[in-house]
Amino acid sequence: MSRALVTGGTSGIGRAVALALQAAGHEVMVTGRNAGALAELSARGMRTLSVDLGDLGALSAVLATALQDFAPDILVNNAGIVAPPGNFCDMAEADIHRSVATNLTQALIVTHAVAPGMRARGRGHIFFTGSIAGHTPYPNMAVYAATKAALGGFAQSLRLDLSPAMVRVTEIVAGRVESPLYKGILSDEARAAMYAGNTAVQPEDVAQMVLSVLALPAHVDVARFDILPTRQPVTPQVPAVEKPQ
Ligand SMILES: NC(=O)c1ccc[n+]([C@@H]2O[C@H](COP(=O)([O-])OP(=O)(O)OC[C@H]3O[C@@H](n4cnc5c(N)ncnc54)[C@H](OP(=O)(O)O)[C@@H]3O)[C@@H](O)[C@H]2O)c1
């Protein structure tokens, strides 16, 4: 059995990946803030870490304590947010900082806490949940796109740093996945329209790919995989949030 740390494991893609890893026999630790979701996963036998990953000041110390007796062989850097979509000129500065901290900086700090141990042990696999938004232009999501593009660049270069130690790195380039990501940001109608026709990828589909990539022999590293709805257009539109005039 190996140990897996999944950030953003309380919901959507992360939860599906955590459940799949556990079902495959791994000991899993999930992070998140949602107390109810963490309690439910704890009842299923997972370790849980309640932490606001956007609180960068405390993060290293929290991780050092949590990982004292849990050295992950698998790290899934998955936690992320979307700020209310809209023209960059209208974006609140606080949302810029929150997006960069939650989608990018925390993933670097989490990786920095985990990767040296993998390098020393000569094995490990680090995943990043990136996005197609980091690889193709999107309207109304400029900062989200910037964070995901940066995450992708980091993943590809990190892979070269870690490959001599037989540590693999995989960027998950996800298209539209049906999850609570836009809950509380878009109206229920807008969300329903985004996922209409059962065309979106499901979180369990991403989890299945993660297991498949992990199952490859150690000498094979899938540097990135794109997982998209079969019927997703090249640049799917995310509607801007209506601003009160
Ligand atoms: N859904 C899509 O279409 C899509 C497409 C491409 C990429 N992605 C990426 O996939 C990843 C997972 O998103 P999802 O679609 O599964 O959405 P989700 O269901 O909303 O999951 C987001 C996860 O991130 C955690 N999280 C967010 N902010 C956090 C914070 N400040 N501190 C700690 N945990 C935090 C949440 O935990 P708590 O709520 O417990 O804090 C939750 O577990 C994200 O990185 C997202 O950008 C999604």
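Modeller: This is a predicted model. Start with helix α4, residues 93-121: its 29 residues reach 41 Å from first C-alpha to last, close to the 42 Å expected at 1.5 Å a residue.

Colleague: Where does α4 bend, and by how much?

Modeller: A bend is read as the angle between axes fitted to the seven residues ending at a position and the seven starting there. In α4 the angle is about 40°, at alanine 101.

Colleague: What follows α4?

Modeller: Glycine 122 follows, with a positive phi near 75°.

Colleague: Which residues of α4 are buried, and what covers them?

Modeller: A residue counts as buried if 20 or more other C-beta atoms lie within 10 Å of its own. In α4 these are Ser99, Thr102, Asn103, Gln106, Ala107, Val110, Thr111, Val114, Ala115 and Met118. Their cover includes the strands β1, β4, β5 and β6 and the helices α3 and α5.

Colleague: How is the whole chain built?

Modeller: It has seven helices and seven strands, in the order β-α-β-α-β-α-β-α-β-α-β-α-α-β. For 245 residues a compact globule would have a radius of gyration near 18 Å, and the chain agrees, with 17 Å. Of the 245 residues, 38% count as buried.

Colleague: And the ligand: which residues come nearest?

Modeller: Gly8, Gly12, Gly32, Arg33 and Gly80, of the 27 residues around the ligand. The largest share, three residues, comes from α1. By class, the shell has nine nonpolar, 15 polar and three charged residues.

Technical notes: Residues are numbered from 1 along each chain as its sequence is written. This is a predicted model: local features need pLDDT of at least 70, side-chain atom pairs count only at pLDDT 80 or more; totals for chains, interfaces and linings use all residues. A residue is near a molecule or strand if its C-beta atom, placed from the backbone, lies within 6 Å of it. Helices (H or I, at least four residues) and strands (E, at least two) are DSSP runs, numbered from the N terminus. Ala, Val, Leu, Ile, Met, Phe, Trp, Tyr, Cys and Pro count as nonpolar, Asp, Glu, Lys and Arg as charged, and the others, Gly among them, as polar. The expected span of a helix is 1.5 Å times one less than its number of residues. A residue is buried if 20 or more other C-beta atoms lie within 10 Å of its own, exposed if 12 or fewer, and partly exposed in between; C-beta atoms are placed from the backbone. Two residues are in contact if their C-beta atoms, placed from the backbone, lie within 7 Å. The radius of gyration is taken over C-alpha atoms; the globule rule is 2.2 Å times the number of residues to the power 0.38.
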